[in-house]
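Here are my notes on the model you sent over. Have the structure open while you read, and go through the points in order.

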Amino acid sequence: MKFLLIMHMNPHIWDALTEEERNEVMSGHGAFMETIKKSGEMIGTAALDDPSKSAVVRVRGGVPAVTDGPYLEAKEYLGGYYLVECDSRERALELAAMIPDAGVEGLGIEVRPVVFAGTPED
C-alpha cells in the first residue's frame, strides 16, 4: 500500500524554534530517509520552498491569470512529503511518528492513502 506522509509547515511555529531545534529537525530527516531507504519503503520525497514564493494560476474565459503567493491564506502550508510503500496503515502511522516534525509542538504529519499514482512510463 502506498501512503503520502504530508508535512504541514506553520512559519510562526518554525520561526519560534531555536536554531538548534530547527537544525535537529532538519538533520533528523536524513536519519529518517536512511531508515526508509534501508527498509525499501521509500518511493520519493520533496521539500517545498516558502509559500510566499509560490504562484497561483487560474484560467478564466480561456485567459490565464497568475497571482503571487499561496493559494489560500492559512496558518499552515504544505511543507513537503514522503511517498512510501508499506504493508499497512499501522506501519505508515509508525513511519509518520518517526518524522522529526511530528515531535514539534503545533506541527504534525498527515497520513493519507494513495489511490492512484502514475509515472512517465504509464
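Are Lys53 and Asp49 buried or exposed?

1. Lys53 is exposed, and Asp49 is exposed too; the cut-offs are under 20% relative accessible area for buried, over 50% for exposed and partly exposed in between, with a 1.4 Å probe and protein chains only. The two also form a salt bridge, with 3.6 Å between the closest N and O atoms. That term takes a side-chain nitrogen of Lys or Arg within 4 Å of a carboxyl oxygen of Asp or Glu.

2. Before you go further, a word on what you're looking at. This is a predicted model, where local features need pLDDT of at least 70, side-chain atom pairs count only at pLDDT 80 or more, and totals for chains, interfaces and linings use all residues. Residues are numbered from 1 along each chain as its sequence is written, and side-chain values use heavy atoms, leaving out hydrogens and water.

3. By the salt-bridge rule, the count is 4. One of them joins Glu94 to Arg91, at 2.8 Å from N to O. Both residues sit in helix α3 (residues 89-98), 3 residues apart, or about one turn of the helix. Helices here are DSSP runs of H or I with at least four residues, strands are runs of E with at least two, and numbering starts from the N terminus.

4. Take a look at Arg112 and Glu110 next. Their side chains meet in a salt bridge, 2.4 Å from N to O. Arg112 has a relative accessible area of 45%, so it is partly exposed. Glu110 is partly exposed as well, with 25%.

5. Now for the strands. β3 (residues 55-60) and β4 run antiparallel and are joined by 6 bridges; two strands pair if DSSP finds at least two bridges between them. Val57 has Val66 as its bridge partner in β4, while Arg60 has Val63.

6. β3 and β4 form a hairpin with 2 residues between them, and Gly61 in the turn has a positive phi of about 60°.

7. How many residues of β4 (residues 63-68) are buried? The count is 0 among its 6 residues, so to speak a strand that is hardly covered.
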